[in-house]
Amino acid sequence: MRKNFIDRLWLPAVLGLSTVVFSLIILQQLLRRQRIDVQTATRAQALFIKGKLESDLTARIQPLELLGDRWRSRGSMTAADMESDTVLAMSGYPAYQATEWVDPSLHVRWAVPQKGNEADEGTDLGGYPGLRAALQSAADTGRATVSPPV
């Protein structure tokens, strides 16, 4: 009678245990697939945001680079010509607060627009460590460089 009782419990126990193990394996596979899907979606969003940021930065920097190229090609220019060119370049980009001309000693010589930026003129930008590196990079490469805010 004892053996008969064990035999009757053996099949349901094995079947129940198999069902639990199988369910856990399926759950693990579902969680792994979900994690892969989340990583794939995150990677796609990161690439989209990276592309968008690069595109926006390029659109903002290009007018400044064109302005610099124009000034280099024309040689010597009057301050009025440079200010006029700067106002024209900034007119299409309301995100610009100001464009400033910095001399080789890293002092601000003029800013456009002058209104609201009067205090900047004469400022020694070499005193800002992160900004000094950005300005040096711009001087070395002749290209626009992104810097931390001042």
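Analyst: Let's sort the residues before we start: Ala, Val, Leu, Ile, Met, Phe, Trp, Tyr, Cys and Pro count as nonpolar, Asp, Glu, Lys and Arg as charged, and the others, Gly among them, as polar. Also keep in mind that this is a predicted model.

User: Okay, pockets then. How much space lies in the largest pocket?

Analyst: Here's the general idea: rolling a probe the size of a water molecule over the atoms shows where empty space is left. In this model, the largest pocket holds about 1,800 Å³ of space. It is lined by 41 residues, and the closest to its centre are Leu-64, Thr-99, Glu-100, Leu-135 and Thr-145.

User: How do the residues of that lining divide into nonpolar, polar and charged?

Analyst: There are 24 nonpolar residues, nine polar and eight charged.

User: And which helix gives the most to the lining?

Analyst: That's H1, with nine residues. Helix H1 (2–74), strand S1 (99–102) and helix H3 (129–141) each supply at least two.

User: Now salt bridges. How many does a search of the whole structure find?

Analyst: The general idea is that side chains of opposite charge can pair when their charged atoms come close. In this structure the search turns up seven salt bridges. Take Lys-52 and Asp-56, whose side chains meet at 3.7 Å, N to O. They are separated by about one helical turn, because they sit four residues apart in helix H1. Lys-52 is partly exposed, at 45% relative accessible area, and Asp-56 is partly exposed too, at 35%.

User: What does Arg-72 form a salt bridge with?

Analyst: Its partner is Asp-69, with the closest N and O atoms 2.7 Å apart. Both residues lie in helix H1, three residues apart, about one turn of the helix. There is also a network of salt bridges linking Arg-70, Arg-74, Asp-81 and Asp-85.

User: Which residues make the nonpolar surface patch?

Analyst: Val-20, Leu-24, Leu-27 and Leu-31 do, over about 360 Å². Leu-27, for one, is found in helix H1 and is partly exposed at 44% relative accessibility.

User: Last one: where does Leu-106 lie?

Analyst: Look in the loop between S1 and strand S2 (108–112). Leu-106 has a positive phi of about 65°, although it is not a glycine. With 11% relative accessibility, Leu-106 counts as buried.

Note on methods
Residues are numbered from 1 along each chain as its sequence is written. This is a predicted model: local features need pLDDT of at least 70, side-chain atom pairs count only at pLDDT 80 or more; totals for chains, interfaces and linings use all residues. Side-chain values use heavy atoms; hydrogens and water are left out. On a 1 Å grid over the protein atoms alone, a cavity is a set of points where a 1.4 Å probe fits but cannot get out, and a pocket is an open set with protein on both sides within 12 Å along at least five of seven lines; lining residues have an atom within 4 Å of a point. Grid points are joined across faces, edges and corners, and a volume is the space filled by probe spheres set on the points. Patches are made of residues with over 30% relative accessible area and no salt bridge: like charges are joined within 9 Å, nonpolar side chains (Val, Leu, Ile, Met, Phe, Trp, Tyr) within 5 Å. Accessible areas come from the Shrake-Rupley method with a 1.4 Å probe; for residues, only the protein chains shown count as cover. A salt bridge is a side-chain nitrogen of Lys or Arg within 4 Å of a carboxyl oxygen of Asp or Glu. Buried means under 20% relative accessible area, exposed over 50%, partly exposed in between (1.4 Å probe, protein chains only).
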